[in-house]
Amino acid sequence: MEKFAFIFHPLSIQDMEHVSPIMRYLPDSFIEACLRYKKPFKVSHITGLKSNYAEAEGWFIGCTLTAKQMVTLPEEFVVDRIIECGKIAQDLGAKIVGLGAFTSIVGDGGITIAKNLDIAVTSGNSYTVATAVQGTEAAVKLMGKKLEDCRAVVVGASGSIGSACVKLLANKVKHLTLVARRLEPLEELAQEIGKVSTSEIEVTNHISSALRSADVVITVTSALDFIISPGDLKPGAVVCDVARPRNVSREVSLKRNDVLVIEGGIISLPGDVNFNFNFGFPKNTSYACMAETMLLALEGRYENFSLGRSLSIDKIKIISELADKHDFKLAGFRNFERAVTEQHIQEVKHNAELALAIHRK
């Protein structure tokens, strides 16, 4: 039996209200103070993961810091807290631990954490990238478009996930715009991929202007609040929101019935998986970052995999091949805890065509 663990944390104070309704009556500052001093703990035992080649069990480890605390508290404090989580995983018998949400962002992208543990560490970012691009391609096709004719935008393109998405998209789209707050790393990335890309490439730090002409958007920043609003997008746009917390405002889904928003990396797992914890997904599904940790465990590849600020395209290909081998698959599309049905996609497509026809008149 292979063994793994996965570290996660509340993205916001509101997440804690789902754990205990009484939280909604307490001041945020009081809850944050309590979370800061609460030690990490084992949340649940994960059973039933089984492919045709291996089976595994694992554990969820809770790191009691919100996303805001992860980026505002002293870095050394946060990294030490994550290392504590990893040591709990070690003591439970896990041979690899995955870093969920902001635990993979703090510091040097998991490298220091790995150095302080006796087990392997991965951020899950390689499989996150693979499934984000795969899901986006599938959604574009369902919307009746050809990816090679599209203008694509990657928001957060200078980050590890964003830059890898850029590299995978670079020869698949007609025009590619890289967006981030700082232009210098974007220009360096554009120069690097421009040598081998057939796409027209530009860079900008003006997100709204970039989005207005985008047919396809992949957004993956570490912003604490949404950065994409209903008025930013053109009719028929396909938006893949990989970020946690989400980059796309809920208002987009409520007010724009001519735009398709999907979440990146929702994965169907082999076996009869029981997480013994409800994180809002249907049975036998998980985030791609969780799935990468499970894949590496099933394969017995107990090695540091997706770490640091730069992802290897070779590793993205390797984890995709392992997913095929162990029967990990995209589990359709989701948006704000709800399944995106084929009927919904057809309605969005119809509404987009009407909106574009009105605009042309």
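These questions and answers walk through a predicted model, from the overall chain to single residues.

Residues are numbered from 1 along each chain as its sequence is written, and side-chain values use heavy atoms, with hydrogens and water left out. In this predicted model, local features need pLDDT of at least 70 and side-chain atom pairs count only at pLDDT 80 or more, while totals for chains, interfaces and linings use all residues.

Me: How many helices and strands does the chain have?
Reply: Helices (H or I, at least four residues) and strands (E, at least two) are DSSP runs, numbered from the N terminus. On that basis the chain has 13 helices and 17 strands.

Me: What radius of gyration does the chain have, against that of a compact globule?
Reply: The radius is taken over C-alpha atoms, and the globule rule is 2.2 Å times the number of residues to the power 0.38. For 361 residues, the rule gives a value near 21 Å. The chain agrees with this, at 20 Å.

Me: What percentage of the residues of the chain count as buried?
Reply: Buried means under 20% relative accessible area, exposed over 50%, and partly exposed in between (1.4 Å probe, protein chains only). Of the 361 residues, the buried share is 52%.

Me: What share of the contacts with a separation of 6 or more comes from residues 24 or more positions apart?
Reply: Contact means heavy atoms within 4.5 Å. Among contacts with a separation of 6 or more, residues 24 or more positions apart account for 68%.

Me: Which residue of strand 14 stands opposite Ile 266?
Reply: Ile 266 lies in strand 12. Strand 12 (residues 266-268) runs antiparallel to strand 14, joined by 3 bridges. Opposite Ile 266 stands Tyr 287.

Me: Is Ile 266 buried or exposed?
Reply: Leaving aside neighbours within four places in sequence, Ile 266 is in contact with residues including Phe 281, Tyr 287, Leu 330 and Arg 334. Its relative accessible area is 1%, so Ile 266 is buried.

Me: Where is Asn 276, with its positive phi of about 55°?
Reply: Asn 276 is not a glycine, yet its phi is positive. Asn 276 is partly exposed, with a relative accessible area of 46%. Its place is the loop between strand 13 (271-274) and strand 14.

Me: What is the phi of Asp 327?
Reply: Asp 327 sits in the loop between helix 12 (313-325) and strand 15. Asp 327 is partly exposed, with a relative accessible area of 39%. Its phi is positive in a residue other than glycine, near 65°.

Me: Why is strand 3 largely enclosed by the rest of the structure?
Reply: Strand 1 (residues 2-8) pairs with strand 3 in the parallel sense over 7 bridges. Strand 2 (residues 41-50) runs antiparallel to strand 3, also with 7 bridges. Strand 3 (residues 55-62) is largely enclosed because the buried residues number 7 of the 8.

Key. Two strands pair if DSSP finds at least two bridges between them.
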